[in-house]
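Colleague: I would like to learn how to read a model like this one. Can we take it feature by feature?

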Amino acid sequence: YTRGTVTAFSPFDARADAEALRKAMKGMGTDEETVLKILTSRNNAQRQEIAAAFKTLFGRDLVDDLKSELTGKFETLMVSLMRPTAIFDAHALKHAIKGAGTNEKVLTEILASRTPAEVRNIKQVYLQEYEANLEDKITGETSGYFQRLLVVLLQANRDPDGRVDEGLVEQDAQVLFRAGELKWGTDEEKFITILGTRSISHLRRVFDKYMTISGFQIEETIDRETSGDLEKLLLAVVKCIRSVPAYFAETLYYSMKGAGTDDDTLIRVMVSRSEIDLLDIRQEFRKNFAKSLHQMIQKDTSGDYRKALLLLCGGDD
């Protein structure tokens, strides 16, 4: 079961695709159209088979060839599509905590939205690929309550969904209310523990109960009582608990809204969700922003980059 726009291509022939790609990049000038059509219509597992066939047939590395033949955002998008799924998030995190300045936005987006199983997998892959401990790397580059919530999320020990205990819902909602609205200064620790460890279905009930008790959405309280990176992370966690596709629809919308496009975010979300829930994201986008994701990409991007993104988007709503 997948709500992705990209699924396994059939009938699939890795060698034929490898030959077509080689032909598209050989000699003077590159046939970008062929490259983008093949790579956006095969799923990630198939792209890995194409890369293996490419090496077998030509003794060349497909990703290296893409890097030398393509440029700009289009190159970034094609190379991102070639990254094995398991490595994709680990790679994004590695680059978010590399060198001068940490990209908190990337840490927030990935750790707030991935399932506990996905987070455990990311940690394992990170260790294999980079021979480093992801948690150590993140704690070395972050601080305060922002760091603590990231560490809680990295533990990937959220309670599994089960029967919701209404008494516990009431209790958690009261604790959050007292920690946020009633106290001068917020008890951040309570927010971190409850939002980082309770089950999704439990927290959805807690948010409803919080609204009943306080008259506020929990997002409004977080907005008023916290600031900076912690605020952004708390909001991302709350939004993902309510609906991961809605969170990504909003992330995509703001990556394109206004002057200039945040292409890194646009590429990261389109690639990472293309086989998971991009159909649901499109639905939420249409519902919440009075236009389709397809229309916004169309308006905001150009050239082969646009063509490839629209193919990944997979249709208008």
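Modeller: Start with burial. A residue counts as buried under 20% relative accessible area, and as exposed over 50%. By that rule, buried residues make up 47% of the 317 residues in the chain. Keep in mind that this is a predicted model.

Colleague: Which secondary structure elements does the chain have, and how many?

Modeller: There are 20 helices and 0 strands.

Colleague: What radius of gyration does the chain have, and what would a compact globule have?

Modeller: For 317 residues, a compact globule would come out near 20 Å. The chain has 21 Å, which agrees. Along the principal axes, the C-alpha atoms fill a box of roughly 70 × 45 × 40 Å. Look at the contacts too. Among those between residues at least 6 apart in sequence, 71% join residues at least 24 apart.

Colleague: Which residues of α8 are buried?

Modeller: V119, I122, V125 and Y126. They cover an arc of only 125° around the axis, so they lie on the same side of α8.

Colleague: What do the buried residues of α8 pack against?

Modeller: Four helices: α6 (85–96), α7 (104–113), α9 (134–141) and α10 (144–155).

Colleague: What is phi at A156?

Modeller: Near 55°, again a positive value in a residue other than glycine. A156 lies in the loop between α10 and α11 (166–182).

Colleague: Is A156 buried or exposed?

Modeller: Buried, because its relative accessible area is 5%, and the cut-off is under 20%.

Colleague: Next, the peptide bonds. What is the geometry from S10 to P11?

Modeller: That bond is cis, with omega near 0°. P11 belongs to the segment before α1 (14–25).

Colleague: How should I read aromatic pairs?

Modeller: A pair of aromatic rings is described by the distance of the centres and the angle of the planes. A search of the whole structure finds 8 such pairs. Take Y253 and F285 as an example: their centres are 6.1 Å apart, with 65° between the planes. That is edge-to-face, because the angle is over 60 degrees.

Colleague: Where do Y253 and F285 lie?

Modeller: Y253 is in helix α16 (residues 244–256), and F285 is in helix α18 (residues 278–289). The pair therefore ties together parts that are 32 residues apart in sequence. Both Y253 and F285 are buried.

Colleague: Which residues do ring pairs link into a cluster with Y253?

Modeller: Y254, F285 and F289 join Y253 in that cluster.

Colleague: Last topic: charges over rings. Which residue has its charged end over the ring of F9?

Modeller: R42, at 3.7 Å from the centre of the F9 ring. There is another case at F216. R224 lies over the face of F216, 4.3 Å from the ring centre.

Note on methods. Residues numbered from 1 in each chain as written. Predicted model: local features only at pLDDT ≥ 70, side-chain atom pairs only at ≥ 80, totals over all residues. Heavy atoms only, no water. Phe/Tyr/Trp six-rings, centres within 6.5 Å; stacked < 30°, edge-to-face > 60°. Helix = DSSP H or I, 4+ residues; strand = E, 2+ residues; numbered from the N terminus. Buried < 20%, exposed > 50% of the residue type's maximum accessible area, 1.4 Å probe, protein only. Lys NZ or Arg CZ within 6 Å of the ring centre and 35° of its normal. Arc of directions from axis to C-beta. Contact = heavy atoms within 4.5 Å. Rg over C-alpha atoms; globule rule 2.2 N^0.38 Å.
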